[in-house]
Amino acid sequence: MAVSLNILIVALSLSPLCLSSKAYESGSYLFPQYYDHSCPKAQEIVQSIVAKAFAQDPRMPASLLRLHFHDCFVKGCDASILLDNSGTIISEKRSNPNRNSARGFEVIEEIKHALEQECPETVSCADILALAARDSTVITGGPSWEVPLGRRDARGASLSGSNNDIPAPNNTFQTILTKFKRQGLNLVDLVSLSGSHTIGNSRCTSFRQRLYNQSGNGKPDLTLNQYYGSVLRKQCPRSGGDQNLFFLDLVTPFKFDNHYFKNLIMYKGLLSSDEVLFTKNRESKELVELYAENQEAFFEQFAKSMVKMGNISPLTGARGEIRRICRRVNHAAY
């Protein structure tokens with residue numbers, strides 16, 4: 001397959017290696033050594049608990065990675081997704097993207113408890129999410145990167161933001177790209193970060209439309225491989241079975257690799273929001289082809305884009321707080 005050198009250069013250079021200019025302007029400077037003196041064992045503690053969780057549940061790394069995405073796309077990377085309902089907070093856990101699907105909260109709380117024992121009121125829940133996402137990628141065979149740290153935790157949540165800002169499985173390509181651009185992310189970030197669907201599961205309710213009524217005409221999505229569609233229909237009927245789980249990558253569902261992109265080329269992307277990367281835009285199609293052929297290019301760009309995503313509107317300085325328990329704010333702060 002001929003992929004021009006220009007595409008490779010675009011893929012590996014469009015996302016900045018470290019922090020956006022917006023971050024410098026606002027003074028929200030995050031850096032990997034943030035806890036080196038205040039909590040030197042922080043990263044080791046996160047890594048060990050993620051490893052334990054993975055050993056108990058091979059689905060957990062995908063769930064932890066998803067929590068970081070769903071956190072950062074709503075008000076920035078501030079751990080707002082972890083907050084439970086309270087007198088003043090309507091939890092993001094009840095939003096359409098998160099209800100009955102967001103999971104891994106107990107692992108984050110276990111990490112937080114261990115860190116509070118080691119170095120009280122020091123490591124934020126937002127930073128725990130960022131580190132757990134990196135460690136989840138590594139433990140399943142994906143790339144590693146230095147995680148810029150120093151985020152603080154929000155004192156509020158946004159149910160409407162969670163409902164409106166997180167890309168949905170049935171969004172059009174343009175809508176998804178627009179939601180990424182609102183966060184300061186570009187098309188290269190969109191394609192590479194979508195590659196996180198190389199691990200994890202999705203529910204029948206998230207793609208049923210593709211199987212039976214993609215365009216309102218009672219017909220399946222023509223960009224879905226027919227045989228694959230017939231297999232999916234056996235476990236995802238027209239009605240019922242909403243919570244039935246399906247691998248996002250049917251080839252290597254627990255391994256972080258580039259099979260996700262190979263699947264798209266064969267029209268075997270599970271979600272409409274996956275397959276449109278190959279069928280609806282020439283530039284994204286070329287990136288899909290590049291990453292399907294060159295796993296190293298995918299890994300390198302994924303790491304860069306994760307750093308970039310992790311720097312969406314962090315709370316720093318005196319803003320926010322360091323929550324003692326991730327699911328609720330420190331009431332003493334009021």
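Among contacts in the protein chain between residues at least 6 apart in sequence, what percentage join residues at least 24 apart? With that settled, look closely at helix 4: what are its dimensions, is it enclosed or open, and what covers its buried residues?

A: The model is a predicted one. Of the contacts between residues at least 6 apart in sequence, 76% join residues at least 24 apart.

The chain as a whole comes first. Its secondary structure consists of 15 helices and two strands. The radius of gyration is 20 Å, close to the 20 Å that the globule rule gives for 334 residues, so the chain is as compact as a globular protein of that length. The C-alpha trace spans about 55 × 50 × 35 Å along the principal axes. Of the 334 residues, 54% are buried. The chain exposes about 14600 Å², and 51% of that area is supplied by carbon and sulfur atoms. There are 38 positive and 33 negative charges, and their mean positions lie 7 Å apart.

Now to helix 4. This helix covers residues 60–72, which is 13 residues. At 1.5 Å a residue the helix should span 18 Å, and its end C-alpha atoms are 19 Å apart, which agrees. Twelve of the 13 residues are buried, so helix 4 is largely enclosed by the rest of the structure. The buried residues begin with Met60, Pro61, Ala62, Ser63, Leu64 and Leu65, and continue with Leu67, His68, Phe69, His70, Asp71 and Cys72.

The cover over these residues includes helix 3 (42–56), helix 5 (105–118), helix 6 (125–139), helix 9 (187–194) and helix 15 (295–309). Several of these elements can be followed further.

Helix 3 contains glutamine 56. With a relative accessible area of 63%, glutamine 56 is exposed.

Helix 5 has 14 residues and reaches 20 Å from its first C-alpha to its last, close to the 20 Å expected at 1.5 Å a residue. Its buried residues are Phe105, Val107, Ile108, Glu109, Ile111, Lys112, Leu115 and Glu116. They pack against helix 3, helix 4 and helix 6, and helix 3 and helix 6 are also among the elements that cover helix 4.

Helix 6 holds aspartate 127, which counts as buried at 0% relative accessibility. Beyond residues up to four places away in sequence, aspartate 127 touches Tyr35, Leu149, Gly150 and Arg151.

Aspartate 257 lies in the loop between strand 2 (245–247) and helix 12, and at 4% relative accessibility it counts as buried. Leaving out residues up to four places away in sequence, aspartate 257 touches Thr198, Asp249, Thr252, Gln295, Phe298 and Phe299. Helix 15 spans residues 295–309. Aspartate 257 and lysine 268 are eleven residues apart in sequence, and their C-alpha atoms are 16 Å apart.

Two residues deserve a note on backbone geometry. Most residues other than glycine have a negative phi. Serine 313, in the segment after helix 15, has a positive phi of about 40° although it is not a glycine. At 47% relative accessibility, serine 313 counts as partly exposed. Tyrosine 267 likewise has a positive phi, of about 60°, and is not a glycine. Its place is the loop between helix 12 (259–265) and helix 13 (272–279), and at 37% relative accessibility it counts as partly exposed.

Proline 237 gives a further point of reference. It is found in the loop between helix 11 (226–235) and strand 2, and counts as partly exposed at 29% relative accessibility. Apart from neighbours within four places in sequence, proline 237 is in contact with Cys204, Arg208 and Tyr212. The C-alpha atoms of proline 237 and valine 46 are separated by 40 Å, and the two residues are 191 apart along the chain.

To return to the part in question: helix 4 is largely enclosed, because twelve of its 13 residues are buried, and its cover includes helices 3, 5, 6, 9 and 15.

Methods. Residues are numbered from 1 along each chain as its sequence is written. This is a predicted model: local features need pLDDT of at least 70, side-chain atom pairs count only at pLDDT 80 or more; totals for chains, interfaces and linings use all residues. Side-chain values use heavy atoms; hydrogens and water are left out. Helices (H or I, at least four residues) and strands (E, at least two) are DSSP runs, numbered from the N terminus. The radius of gyration is taken over C-alpha atoms; the globule rule is 2.2 Å times the number of residues to the power 0.38. Buried means under 20% relative accessible area, exposed over 50%, partly exposed in between (1.4 Å probe, protein chains only). Contact means heavy atoms within 4.5 Å. Accessible areas come from the Shrake-Rupley method with a 1.4 Å probe; for residues, only the protein chains shown count as cover. Lys and Arg count as positive and Asp and Glu as negative; His and the chain ends are not counted. The place of a charge is taken as NZ of Lys, CZ of Arg, CG of Asp or CD of Glu. The expected span of a helix is 1.5 Å times one less than its number of residues.
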